[in-house]
Amino acid sequence: MTRWFEDITLDEAFPLGSHHFTEAEIIRFGQLYDPQYFHVDPEAAKASHFGGLVASGWHTVSVGHRRMVEALFAEEDRLRGLGKEPGVSGPSPGVNKMEFKAPVRPGDTVTYTLVVTGKRPSNSIPGWGLLFNTLEATNQNGELVYHAELVGFSKLRDYKMPLRLRLLLALTRIPVLGKVITKRTG
Amino acid sequence: MNPVTANRRHYEDLTIGEIIDLGATSVSKEMIVAFAREFDPFPFHLDEEAAKASLLGGLASSGWQTAALTLRMLGDRFLNGIASMGGLGFSDLKWKKPVMVGDTISGTATISGLRRSRHHPERGIVTIDLDMSNQSGEPVMTMRLANLIELRDPAAPLVEGENP
């Protein structure tokens with residue numbers, strides 16, 4: 001989805017849109033995944049240092065991920081509208097850092113922004129590149145809610161598989177021998 | 001004294017090296033699709049055919065779902081038994097292998113660090129290393145969490161080296 005690895009520009013801010021958090025959805029996420037009293041019980045939450053109900057950080061982060069996926073889909077549609085073939089996004093190998101900075105309370109509106117800060121071809125998966133992304137979420141008062149440093153896969157458009165790898169791939173299609181090669185090259 | 005957490009374990013009660021067994025959770029197709037619809041609607045988390053053609057090689061849970069399910073296990077086995085004040089964040093989250101339909105994940109949480117907060121010395125910070133594997137013992141996810149915890153005695157003086 002979205003742009004090809006080669007077309008991704010660094011240090012450009014991509015607005016991912018906003019999400020309004022209701023008390024009901026904060027409690028529902030909390031009950032499913034993070035049932036600590038300040039995420040699920042508005043009364044008991046008053047005794048916490050938050051002074052009231054707050055969203056699980058994992059909830060605000062999951063919503064941020066949803067906003068990012070939606071933005072990728074929108075970019076894909078935009079490129080198709082221009083008659084261009086969009087690129088392909090892959091799954092993520094991980095998150096280097098996540099800092100929860102300010103709690104999200106019922107009624108808050110959180111706005112998400114993505115910046116690609118670095119990219120390089122993957123060493124382990126031929127034909128794919130790694131993107132290093134910073135995702136920041138702010139609330140309606142401009143306070144930073146969280147700061148994340150994410151890693152994602154993006155497909156290379158201009159990738160030509162080296163002869164060595166093409167041969168290896170052909171060999172993996174042979175039963176038994178293929179299994180041995182896959183095991184060795186992991 | 002916080003009435004909700006008064007009888008729970010506090011900062012002073014924790015020890016570096018303590019290992020918490022997180023139990024096991026099985027991941028169904030319905031769970032994967034429901035989470036993906038709400039938070040991660042990539043075709044490779046929603047559709048079996050699209051998933052087969054992707055890097056994942058088959059229908060697999062969103063990495064954020066694997067994390068959320070792990071968090072739930074940590075909540076049930078640990079966080080709801082301590083005077084938790086919420087998470088500060090995490091680092092080095094690695095999705096090592098996709099969690100496929102029908103997989104069962106299990107793992108441990110290890111207390112790897114305990115220190116007083118720099119800005120709020122009346123609070124403690126517990127660092128927790130999470131190691132999750134599938135039913136074949138293959139690692140699927142690791143990460144390091146930082147969580148705030150109440151001190152039973154918030155006025156306790158800082159000991160040298162307690163706040164590195």
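Modeller: Two strands pair if DSSP finds at least two bridges between them. Keep in mind that this is a predicted model.

Start where the chains meet. E2(A) pairs with strand E2 of chain B, residues 84–95. Five bridges join E2(A) and E2(B), and the sense is antiparallel. One residue pair to look at is Lys97(A), which stands opposite Ser91(B) in E2(B).

This pairing sits within a wider contact. On the chain A side 29 residues take part, and they are in contact with 31 residues of chain B. Three elements of chain A each supply at least two residues of that side: helix H2 (37–40), helix H3 (57–81) and strand E2 (94–100). By residue type, the side of chain A that touches chain B has 15 nonpolar, ten polar and four charged residues.

Now widen the view to the sheet. Ten strands form an open sheet, with antiparallel pairing. Read across, the order is E1(A)-E3(A)-E4(A)-E5(A)-E2(A)-E2(B)-E5(B)-E4(B)-E3(B)-E1(B). At the edges are strand E1 (13–20) of chain A and strand E1 (19–26) of chain B, each pairing on one side only. From one strand to the next, the twist averages 20°. In a regular strand, side chains alternate between the two faces of the sheet.

A helix packs on this sheet from chain A. H3(A) touches E1, E2, strand E3 (109–121), strand E4 (128–138) and strand E5 (144–155) of chain A. H3(A) also touches E2 of chain B. The direction of H3(A) makes about 125° with that of E1(A). In chain B, helix H4 (residues 63–77) lies across E1, E2, strand E3 (104–116), strand E4 (123–133) and strand E5 (139–150) of its own chain. H4(B) runs at about 125° to E1(B).

E2(B) and E5(B) run antiparallel, joined by seven bridges. There, Trp95(B) stands opposite Met141(B) in E5(B). Next comes E4(B), which runs antiparallel to E5(B) with eleven bridges between them. Asp131(B) has Thr142(B) in E5(B) as its bridge partner. E4(B) and E5(B) also form a hairpin, with five residues between the strands. Gly137(B) lies in that turn and has a positive phi of about 80°.

Last, the setting of the chain A strands. Chain A has five helices and five strands. From the N terminus on, they run β-α-α-α-β-β-β-β-α-α. The radius of gyration of chain A is 21 Å, while the globule rule gives 16 Å for 186 residues, so chain A is more spread out than a compact globule. Its C-alpha trace spans about 65 × 40 × 25 Å along the principal axes. The domain assignment gives chain A two parts: domain 1 (5–155) and domain 2 (158–186). The C-alpha centres of these domains of chain A lie 36 Å apart. Buried residues make up 33% of the 186 residues of chain A. Of the contacts in chain A with a separation of 6 or more, 69% are between residues 24 or more positions apart.

Technical notes
Residues numbered from 1 in each chain as written. Chains lettered and ligands numbered in written order. Predicted model: local features only at pLDDT ≥ 70, side-chain atom pairs only at ≥ 80, totals over all residues. Contact = placed C-beta atoms within 7 Å. Helix = DSSP H or I, 4+ residues; strand = E, 2+ residues; numbered from the N terminus. Nonpolar A, V, L, I, M, F, W, Y, C, P; charged D, E, K, R; others polar. Domains from an automatic or database assignment. Rg over C-alpha atoms; globule rule 2.2 N^0.38 Å. Buried ≥ 20, exposed ≤ 12 C-beta atoms within 10 Å, placed from the backbone. Axes fitted to C-alpha atoms, helices over the stretch in contact; angles between N-to-C directions.
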